[in-house]
Amino acid sequence: MAVETPIATSGSPPGRPRRRGRPSRFGSETFAAWLFLTPSFVGFLIFTAGPVVAAGVISLLHWNLFSPPTFAGLSNYTRLGPDPTFWSALGNTAYFTLVSVPLTMVVSLALALLLNHGLRRMAIFRSLLLLPYATITVAVAFVWIWLYIPHDGLMNSVLGLVGIDGPAWLISDTWAMPSLILMSVWKSFGFGMVIFLAGLQAIPQQLYEAAKVDGTSAWGSFRNVTLPLLSPSMFFVIVTSVIGSFQVFDQALVMTNGGPGSSTTTLVMYIYQSGFQNYEQGYAAAQSLVLFAFIALITGIQFLFQRRLVHYDI
């Protein structure tokens, strides 16, 4: 009896059928990933990377928007050194950041801890506390201007009830920046509160029960359980708050227009004044790139400390 022997085709091992015309699963997943990423990638190129590159080019020019630009080399950058207004604006921005970020963290964490303790109608309170963050900054700024009116404003009226003569908030060199900081903390604490509340609700309750069995006090549980496991949320809020505070602009423009004098002129506001009031586009672009470098440097330092201070388990 004759037996037919299968003939192996070239390029494929004998006994194994060859697959043709069928895309691999890995290839289809890669294609789907690029399909979803493409809109964000195109948006990043148009609205982020493109303007940064354009600012780099404009910073090398003398350009007032009305006449053709001329090449300036690095003169816009060397001009920053002896400019006292630039350093004053940088100092005001650092002052705003160093005070507003810790205050926002403390208020956000305190409210998150309060809401995390089974408060009745928590959804309503959470929505009400989040309202300032969801409101447009310009609208909030106009409301706070009314609160800060020296004689008839709500702030000084409340202080007058306890015998305190309130300051001339927005027209005082000393109190103008604290006034902006107070308003900014009220405007932005809701964002941190929501992040902290999500982090608190993700901590396993068994850890608190184990700490209670061991006789740990409430402060000990907060220090040894809550703070370590909340450190990823705290790191995220710190990074985003620092970046946002370095870009403070709206409230300073609406409430004080940088004054009195230059006591509330922040770096972004000085960039705006240079570019769109003095029509020095090259100088404004140079300042914006220096601000970008400051933010990148500080964010990089924060990520270096993240390895040591942020814990994902205990």
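**Aromatic contacts, helix packing and backbone features**

A total of 12 aromatic pairs is counted in the structure, a pair being two rings of Phe, Tyr or Trp (the six-membered ring in the case of Trp) whose centres lie within 6.5 Å. The model is a predicted one, in which local features need pLDDT of at least 70 and side-chain atom pairs count only at pLDDT 80 or more, whereas totals for chains, interfaces and linings use all residues. Residues are numbered from 1 along each chain as its sequence is written, and side-chain values use heavy atoms, with hydrogens and water left out.

One aromatic cluster is formed by Trp144, Tyr148, Trp169, Trp175 and Trp186. Elsewhere, the charged end of Arg79 sits over the ring of Tyr283, at 3.8 Å from the ring centre; this description requires CZ of Arg, or NZ of Lys, to be within 6 Å of the ring centre and within 35 degrees of the ring normal.

Two of the cluster residues, Trp144 and Trp186, also take part in the packing of helix H5 against helix H7. Helix H5 (residues 137–147) and helix H7 (residues 176–201) pack at an angle of about 130°, and their axes are 11 Å apart; helices are DSSP runs of H or I with at least four residues, and strands are runs of E with at least two, numbered from the N terminus. Axes are lines fitted to C-alpha atoms over the stretch in contact, with angles between N-to-C directions running from 0 to 180 degrees. H5 and H7 are therefore oblique to each other, the class left after angles under 35 degrees (roughly parallel), over 145 (roughly antiparallel) and 65 to 115 (roughly perpendicular). The contact, defined by heavy atoms within 4.5 Å, involves Thr137, Val140, Ala141 and Trp144 of H5 together with Leu182, Met183, Trp186 and Lys187 of H7.

Helix H8 (residues 205–213) packs against helix H9 (residues 218–246) at an angle of about 160°, with the axes 10 Å apart, and the two helices are therefore roughly antiparallel to each other. Leu207, Tyr208 and Ala211 of H8 meet Ser221, Val225, Thr226 and Leu229 of H9 in this contact.

Two backbone features lie in loops. Gly259 and Pro260 are joined by a cis peptide bond with omega of about -5°, and Pro260 lies in the loop between helix H10 (250–255) and helix H11 (267–276). Leu65, a residue other than glycine, has a positive phi near 75° and lies in the loop between strand S1 (61–62) and strand S2 (70–71).

Technical notes:
Rings of Phe, Tyr and Trp (its six-membered ring) pair if their centres lie within 6.5 Å; planes under 30 degrees apart count as stacked, over 60 as edge-to-face and the rest as tilted.
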